[in-house]
Amino acid sequence: MMERRMMSNNSNINAVFYAEAYHPIQAGSIDGTDILPHDNAVYRALLCSSAGLYDPFGDPKVTGDPYCTLFVGHLSRSTTENTLAKEMSKYGKVKNLRLVRDIVTGASRGYAFVEFETDREMRHAYEDAHHSYIDDSEIIVDYNRQQLMSGWIPRRLGGGLGGKKESGQLRFGGRERPFRAPLRPIPYEDLKRLGIPPPPEGRYMSRFQVPPPPRRQRNSEEREKSPSRRRRKSEERETTPLTRRRDYEDREMTPTKRKKNIDDRGISSPKRERDHKERESSSRKRKSDTGRDRYSRKHENERRHSHHHGSRSSGRHDSSD
């Protein structure tokens, strides 16, 4: 038992996991298993969370589709909106851009929100723009956690993610600083009592894997109406083994068997029905032509036989005379 636990701990040394929901106490823990706040900022964030003092949708400046919006941080203070829009247009069409500035001085605060035309373009930038350089500054990108992450508390209220070691207020569970797989026993009962999600044992990730951003939840009607799904269905219709088998049967079967098979499974298109009727018509015509030829040959043989028999009888009568 002890050897198995040691092997499990060794396999978890380089494993990590990411927060799907935000909890201030868990965000302050390096392995996501702490049950007590370790600094005053975490206390402040916990108070805001429990009392509901922060509304992530209450900021009038926050507009646009959150699933198409990308957070860009660690920007240079000299980076302008035009420079950022030019760099982000490498990954897709930029629909809207908001560079956050100081209310008093108007200077850039070093982060921005970029909205793309589609969520697919946002995911492209999310994967490829991370740790790229703009104006000699290495940037980080993330999805719009303010609106898409449950329980989110911003940095100014003691929450957030990341941070610098010098500040003493590191926050874990994000893309830059994920939770480490715990090497100590997990206090499941205490985590459940505090409403903290436990570590996903058996589903840890590598540091080299990119955590996927949340996807838009679509109902069944929207999925059926989406062009990509219709195109995928048509491609499956063309390439499934069942359709290949039916095509083979249509080529190889006799008209009678083909008719029975089509009637059993139903004719799927007017063109198919028209082709089937034409094949039936040509088959009946061949049968009728064959019957007429057989009838003509039979009567010709009978006429020849009767003529030959009559000539032999007349010859015998002449010889008797």
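User: At 5% relative accessibility, does T69 count as buried or exposed?
Analyst: This is a predicted model, where local features need pLDDT of at least 70, side-chain atom pairs count only at pLDDT 80 or more, and totals for chains, interfaces and linings use all residues. Residues are numbered from 1 along each chain as its sequence is written, and side-chain values use heavy atoms, leaving out hydrogens and water. T69 is found in strand β2, residues 69-73 (strands are DSSP E runs of at least two residues, helices H or I runs of at least four, numbered from the N terminus). With buried meaning under 20% relative accessible area, exposed over 50% and partly exposed in between (1.4 Å probe, protein chains only), T69 at 5% counts as buried.

User: How far is the backbone oxygen of D65 from a polar atom of the side chain of T69?
Analyst: A polar contact is a pair of N or O atoms within 3.5 Å, one able to donate a hydrogen and the other to accept it within protein; residues adjacent in sequence count only if both atoms are side-chain atoms. For the backbone oxygen of D65 and the side chain of T69, the distance is 2.6 Å.

User: How many residues apart in sequence are the parts that D39 and R171 tie together?
Analyst: D39 and R171 form a salt bridge with the closest N and O atoms 3.4 Å apart (a side-chain nitrogen of Lys or Arg within 4 Å of a carboxyl oxygen of Asp or Glu). D39 lies in the loop between α2 (24-27) and α3 (40-51) and R171 in the loop between α6 and β8, so the parts tied together are separated in sequence by 132 residues.

User: Which strand holds R101, the partner of E81?
Analyst: The side chains of E81 and R101 meet in a salt bridge at 3.2 Å, N to O. E81 lies in helix α4 (residues 81-88), so the pair ties together parts 20 residues apart in sequence, with R101 in strand β3.

User: Are D119 and R123 buried or exposed?
Analyst: D119 forms a salt bridge with R123, the closest N and O atoms being 3.6 Å apart. Being 4 residues apart in helix α5 (residues 119-128), D119 and R123 are separated by about one helical turn. Both D119 and R123 are buried.

User: Which residue is linked with D31 and D34 in a network of salt bridges?
Analyst: The structure holds 9 salt bridges. The residue that joins D31 and D34 in a network is R184.
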